[in-house]
Each structure stands twice: as C-alpha cells, then as structure tokens.
Amino acid sequence: LFRSLFNTMKTFLLVLFVVSLAVFNAYTTPVINQDLVDEINASDAPWIAALNDRFAGVSVEEAKKLMGTILRKNNLPRKTYEDASVPDTFDARTQWPNCIHPIRNQEQCGSCWAFGASEALSDRICIATNGQTNVILSPEDLVSCDTTDMGCNGGYLENAWDYMQNTGIVTDSCFPYSAGNGDAAPCPSPFTCQDGSTPTRYKAQNIVSLSDVASIQTSIQTYGPVETGFSVYQDFMNYQSGVYKHTSGSLLGGHAVKIVGWGVTSDSTQYWIVANSWGTSWGINGFFWILRGVDECGIESGVVVGQAASN
C-alpha cells in the first residue's frame, strides 16, 4: 500500500512539474525571436520575417491574450454572389481613399473582434453615404456594452454584428477606447458621451457569412471592407512583408481583422490585403498580405459582415 501511494504521489509530482514548466515557459518564452525569424527566412516561404517593436519583450502567453476571437461555425445566412465578376487586383484604400480609416491598436486587450467589426462598419457607412457620414465607430462600445461577448477576454464575430444591428454603436469620440490595459470600462448607465455630445447610434443590417473567394471579393468591391476571423500561429507575430502562409510555430488563438482588398504578385501568388489592429509598427505599416484561395489559417471561412443601415 505504501509503495502504491508513493508511486501515485511521484506520478502526481512529475505531472505537476511538467505542467508548471510548460506554464513557466509560456510566460517567459518571447513570442518573437531571432531563431524563428532565421528559420522562416531560410525556408521557401513567400514572406519575410523580422523582429518588430510591437512585440519586443512580449511572451507567448501575453500574446495569446490578444487573440480574442472565438472561432466557431455560425448560423448566419450564407451569402453567395452569382456570376461574380471581379478584377485581378483591388484595394479599397485607393477606391475610397477618404473612407478607409487608419490602422488602430487594440494594445493589451483581446478586443480584436470589436475592432474588426467597428472598423468595417465605419468604412461601409462612409462608402454607402458617398462620404457624407464619415465617422470612426467605437470598439469600446462593443467591449464594454455588448453583454453577449466577453470584453477583453474575447468575443464572437456574429455577436458583435448582431449588437451593431440591434443596438448600434456610437462614435469613438463619444466613447473612446480605454481598454488597452486589459480592463474594459463599465458600460455607462444612463449612456452619455464623454465628449458631451448627444449619443448617436450607427447600425448594421443584412448580416451574412461569406466563405467563397468570389463572394468575399464582390462584397468588398461593392460595399467595402469585411471582417474575418482566422487562426494565428507564432510565426505570424514575426511577419514583416510578403504573402503570409503558416510556416512554423504553435497555435496562439483566434484573431479578427479587416480585409480591404486583394492582389497578385509577380510570380502569380494570390493574396488578400488585410488591416490588422496592432498599430503601424507591425507588418506593412499595420497591414499584411495573406495567401488567397486556399482558406489559409481559415481566413476565408470566417468572414462575417453587414451592410450599413440608414439612420
């Protein structure tokens, strides 16, 4: 009996040690490192890796907290555009230069789901009104007030768009982003604007899921950028330029971004042009390219978007 208890205790302590070591490594291992950069750049990957200021000193575990999109199959109606005709290249930034708003930074909050949604709707409202309504909408409204999601601890794309359809969101000047430290502010009750203005809620309508390339392209070139969720691996954090495809590193979690267009490289590699929410010091001034046509990391199967509603 004593031997059995001893062996059980020894096994328990061994498991505890292994788990503790894994947790320690996750909190101490940098998410960007020169060895990984060198490995990627020595491979035949169609993109270039580099160390960047955005994630200098950030551990793997800290980076995981930014992956706030919970990826799942949704029950939204799937929209398909029949007989879609799209050009080889398209960039919403040049098509509607005054309506595609600047890169933002979610900082240390897992609020990418709110940034992607609010940014896509901001752009689409501007496009739908020919620039007459040009506002930057508040991701903080979603992070603090959308009770179907979990603020800095994550959210679902379809829930964010449902909130924007049924409740609507205010402008960023009315409810500025303050959750960058990882803590969401309480939702004001009664709701008042911090800038003293009268709250105006902007809404979405006709929320759909898109999953085929031609339909995503048609939606973008007709109505503006779309939000999507995809799986992020450690190598992505080291992205600098080129057409990203997963090359090395473990899964960190789900992330939401805004697709603004597409293109083709000189060697015929097809890619999406995507706006991230990690500030302009990361990637191509805050943007990145990712392989198009093969659902790389789920980038094409996770699109959720709605049209701008008339207020």
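Me: At what angle do helix H5 and helix H7 pack, and how far apart are their axes?

Reply: Axes are lines fitted to C-alpha atoms, for helices over the stretch in contact, and angles run from 0 to 180 degrees between N-to-C directions. Helices (H or I, at least four residues) and strands (E, at least two) are DSSP runs, numbered from the N terminus. Here H5 (residues 112-128) and H7 (residues 157-166) pack at about 45 degrees, their axes 9 Å apart. The model is predicted: local features need pLDDT of at least 70, side-chain atom pairs count only at 80 or more, and totals for chains, interfaces and linings use all residues. Residues are numbered from 1 along each chain as its sequence is written, and side-chain values use heavy atoms, leaving out hydrogens and water.

Me: Which residues of H5 and H7 meet?

Reply: Contact means heavy atoms within 4.5 Å. Trp113, Ala117, Ser118, Ala120 and Leu121 in H5 meet Leu157, Ala160, Trp161 and Met164 in H7. By class, this contact has eight nonpolar residues (Ala, Val, Leu, Ile, Met, Phe, Trp, Tyr, Cys, Pro), one polar (the others, Gly among them) and no charged ones (Asp, Glu, Lys, Arg).

Me: And what lines the largest pocket?

Reply: On a 1 Å grid over the protein atoms alone, a pocket is an open set of points where a 1.4 Å probe fits, with protein on both sides within 12 Å along at least five of seven lines; lining residues have an atom within 4 Å of a point. In this model 17 residues line the largest pocket, with Leu71, Arg72, Gly229, Ser301 and Gly302 nearest its centre. Strand S4 (226-233) and H7 each supply at least two lining residues, and S4 gives the largest share, three. The lining divides into six nonpolar, seven polar and four charged residues.
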